[in-house]
Amino acid sequence: MTLDNDQLDRALDRAHHHAYRWLLSVDERDVPPSASVEEVAAALGPDLPDGPTDAAKVVDLLAEACEPGLTAMPSGRFFGFVIGGTHPAALGADWLVSAWDQNCVMRRVTPAHTAVEEAAARWLLDLLRLPTGAAVGFVTSATMANFTGLAAGRDALLRRAGWDVTDGGLTGAPRVRVLVGEERHESIDLVLRFLGLGRPTLVPADAEGRIRPDALGAALDEYDGPTIVCLQAGNVHSGSFDPFAECVAFAHRHDAWVHVDGAFGLWAGASPTYRHLVEGCAGADSWSTDAHKTLNVPYDCGIAVVREPADVRAAMGMEGAYLIRDDTGDPFEKVPELSRRGRAFPVWAVLRSLGRSGVADLVDRLCAHARSFADGLTALDGAEVVNEVPFTQVCATFGDDDRTRQVVQRILADGTAWMSGSRWHDLEVLRISVSNWSTSDDDVARSLAALARAVAD
Ligand SMILES: Cc1ncc(COP(=O)(O)O)c(C=O)c1O
């Protein structure tokens with residue numbers, strides 16, 4: 001089949017038209033979707049056509065049928081989960097990723113991506129204040145970045161104990177115990193399941209969800225076999241950070257591997273104002289973060305960092321006679337996937353566009369908006385902010401659980417902003433996560449006004 005230039009031109013033109021119109025609309029449209037799954041499915045049509053359709057027409061159909069079913073996640077007033085938006089430089093670069101269609105596996109086969117990946121990796125280590133020379137892999141998500149770091153840790157600890165996982169698997173291997181704070185993110189448990197390590201041992205946390213160093217010390221004393229300690233930069237409810245310096249020192253005294261899940265919080269290191277939160281974190285052995293959260297690149301982009309490149313290579317490296325290897329190492333040796341898109345292009349683009357001060361400003365702005373939410377909520381009748389708000393997360397209650405659930409329902413029905421409910425410390429809470437680069441003071445004011453309406457109704 002030959003390339004039909006006219007069809008290509010019209011398909012890209014229609015995609016640009018729909019994308020641009022959508023992005024301009026998110027400032028004013030309601031954040032929740034207006035169509036259900038069934039309505040979108042009906043608009044798309046159920047049947048696979050017997051023959052071909054012009055590509056531009058398909059793009060039109062997709063955009064028109066789907067748009068009512070889209071949640072305005074790129075809106076500056078979307079505060080659910082930990083989502084992030086898309087910086088324009090990252091979006092532009094991401095379009096090129098699809099057009100260039102590079103399978104970024106081997107250093108010499110895709111030199112453009114390798115150069116960009118290596119530059120972005122250097123900048124990331126510098127900004128996040130992690131050890132120069134650590135291996136940086138671009139994966140789909142923080143979950144897979146946690147998988148990568150913890151796999152490297154599992155294999156390294158077992159190697160030190162005289163067991164080669166590559167040869168022997170896990171059957172008959174010494175037990176690897178994993179210590180986690182009781183408020184670790186649930187994706188850690190999932191990853192431990194993938195890794196055959198089973199349920200972690202929970203270490204008590206304080207009122208903000210930070211692992212307690214005394215409790216960690218006591219837990220470390222209970223077992224002298226291979227141990228992984230998993231710490232957290234950014235609790236999904238409170239935004240709190242584990243006390244890294246003390247915990248890393250305890251763990252290393254016991255020869256444990258320390259992994260830090262910093263899905264959104266590791267970015268505190270890029271801000272002179274907030275970097276005290278990650279003090280001591282650089283002493284760990286592996287780290288995970290997301291670029292699709294705080295850095296605001298499109299989904300999907302997580303980042304796995306391992307201090308000793310040989311450790312991640314041992315866990316993730318593979319052979320293949322048809323692969324073209326480079327003596328300096330290949331990108332696929334740092335990640336679980338082989339074939340993958342050029343995720344480093346958008347990361348490089350947003351870092352290049354913001355520069356050092358721009359990334360710091362981004363982090364500072366997200367935190368300042370979270371603080372404004374906390375202050376604004378405190379002024380509302382019956383509202384109580386239940387976390388210290390050290391970073392980008394705010395949790396609030398409105399009297400009893402029923403009333404809090406009602407306020408959550410009302411704010412979602414209002415449509416101005418999107419915030420979800422959750423359960424934290426045995427309380428129903430309204431959870432606000434500020435993660436989008438485009439959130440403005442006006443977005444916060446409009447969202448607080450909507451909250452005032454939800455409380456008053
Ligand atoms: C602390 C933490 N770890 C891990 C994750 C999982 O991230 P992802 O959805 O990118 O896999 C999240 C998601 O919000 C998180 O907050």
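Residues are numbered from 1 along each chain as its sequence is written. Because the model is predicted, local features need pLDDT of at least 70 and side-chain atom pairs count only at pLDDT 80 or more, while totals for chains, interfaces and linings use all residues.

Q: What makes α6 oblique to α8?
A: The axes of helix α6 (residues 142–160) and helix α8 (residues 186–194) come within 9 Å and cross at roughly 50 degrees. Angles under 35 degrees count as roughly parallel, over 145 as roughly antiparallel, 65 to 115 as roughly perpendicular and the rest as oblique, and therefore α6 is oblique to α8.

Q: Which residues of α6 and α8 meet?
A: Ala142, Thr143, Asn146, Phe147 and Leu150 in α6 meet Ser187, Ile188, Leu190, Val191 and Phe194 in α8, where contact requires C-beta atoms, placed from the backbone, within 7 Å. By class, this contact of α6 with α8 holds seven nonpolar, three polar and no charged residues, with Ala, Val, Leu, Ile, Met, Phe, Trp, Tyr, Cys and Pro counted as nonpolar, Asp, Glu, Lys and Arg as charged, and the others, Gly among them, as polar.

Q: At what angle do α5 and α12 pack?
A: Helix α5 (residues 111–127) and helix α12 (residues 344–378) pack at about 35 degrees, their axes being 9 Å apart. The contact of α5 with α12 divides into eleven nonpolar, one polar and two charged residues.

Q: Which residues come nearest to the ligand?
A: Ser141, Ala142, Thr143, His185 and Ala263 come nearest, of the 14 residues around the ligand. That shell divides into five nonpolar, seven polar and two charged residues.

Notes. Near = placed C-beta within 6 Å. Axes fitted to C-alpha atoms, helices over the stretch in contact; angles between N-to-C directions. Helix = DSSP H or I, 4+ residues; strand = E, 2+ residues; numbered from the N terminus. Contact = placed C-beta atoms within 7 Å.
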